[in-house]
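Subject: Structure handover

Hello,

Here is the structure for you to open alongside this note. My findings follow below it.

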Amino acid sequence: AEVSTQSTGVGFLIALIGFLGCCGAAKKNGCMLLLYGILLLIVILIQIAGISIAFVFQADAESYIKEGITKSLAAYGGTESDEEAYRIALDLAQENLDCCGMDSYKDYSNKTLAVKWVAAGNVTHVPDSCCLKNEMKCGIDQGTKAETTVIHTKGCLTKLEEFVTDNLQIVGIVAVAFVVVEICNLVFAFWLYKRYK
């Protein structure tokens, strides 16, 4: 509920800013154009701060990812509702990123990493989400094999780090492009303000 309220608030603010710019230009109202320019400048500064923070903390992404996978791996196979959420998240990662475990598929036979999984007697197995083909019980007895052609053998940590890094760069490039367009709008708004005041 909090996210939807925040999203609604941000949407309203953007609509208000757009309204000020559009009506200010259409009505040749310098006051509205000045307010539009000031609000747009604030938005630009917030975006620049956000972009900077994202790139500064990009290095911390690895520790957050590792912590998340470690928690998911430890809870995997548990029966509590939060453990089920961890299982779903790890299954999605393993299926979509073609990986298994944190560093490799052998993590599922490590009793200090896959606590609930090993405690449930699955020490020689891996989850079906690690399988190359989506088949039931294909992970049975695959967890301790030296080599296997049935499951993904690479861990999810490296795959997730690459995914986040690649997408963070794309998001950064798009954000910079938006800021450039907004700066052009800002210059135009102040030019119109100067002309109409």
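Start with a helix pair. Helix α3 (residues 61–75) and helix α4 (residues 81–97) have axes that come within 8 Å. These axes cross at roughly 115°, and the crossing of α3 and α4 is left-handed. Please bear in mind that this is a predicted model.

Which residues meet where α3 and α4 pack? From α3 come K71, S72, L73 and A75. From α4 come E83, Y86 and L90.

Next, look at E83, which sits in helix α4. Is E83 buried or exposed? Its relative accessible area is 9%. That is under 20%, the cut-off for buried, so E83 counts as buried. Setting aside residues up to four places away in sequence, E83 touches A75, G78 and K116. A75 is also one of the α3 residues in the helix pairing above.

Helix α6 (residues 156–196) holds E182. E182 is buried too, yet has no salt bridge.

What does E182 contact instead? Leaving out neighbours within four places in sequence, the contacts of E182 are L40, V43, I44 and Q47. With Q47 there is also a polar contact, side chain to side chain, at 3.5 Å.

Best wishes

How values were computed
Residues are numbered from 1 along each chain as its sequence is written. This is a predicted model: local features need pLDDT of at least 70, side-chain atom pairs count only at pLDDT 80 or more; totals for chains, interfaces and linings use all residues. Side-chain values use heavy atoms; hydrogens and water are left out. Helices (H or I, at least four residues) and strands (E, at least two) are DSSP runs, numbered from the N terminus. Buried means under 20% relative accessible area, exposed over 50%, partly exposed in between (1.4 Å probe, protein chains only). Lys and Arg count as positive and Asp and Glu as negative; His and the chain ends are not counted. A salt bridge is a side-chain nitrogen of Lys or Arg within 4 Å of a carboxyl oxygen of Asp or Glu. A polar contact is a pair of N or O atoms within 3.5 Å; within protein, one must be able to donate a hydrogen and the other to accept it, and residues adjacent in sequence count only if both atoms are side-chain atoms. Contact means heavy atoms within 4.5 Å. Axes are lines fitted to C-alpha atoms, for helices over the stretch in contact, and angles run from 0 to 180 degrees between N-to-C directions. A crossing is left-handed if the near helix is turned anticlockwise from the far one by less than a right angle, and right-handed if clockwise.
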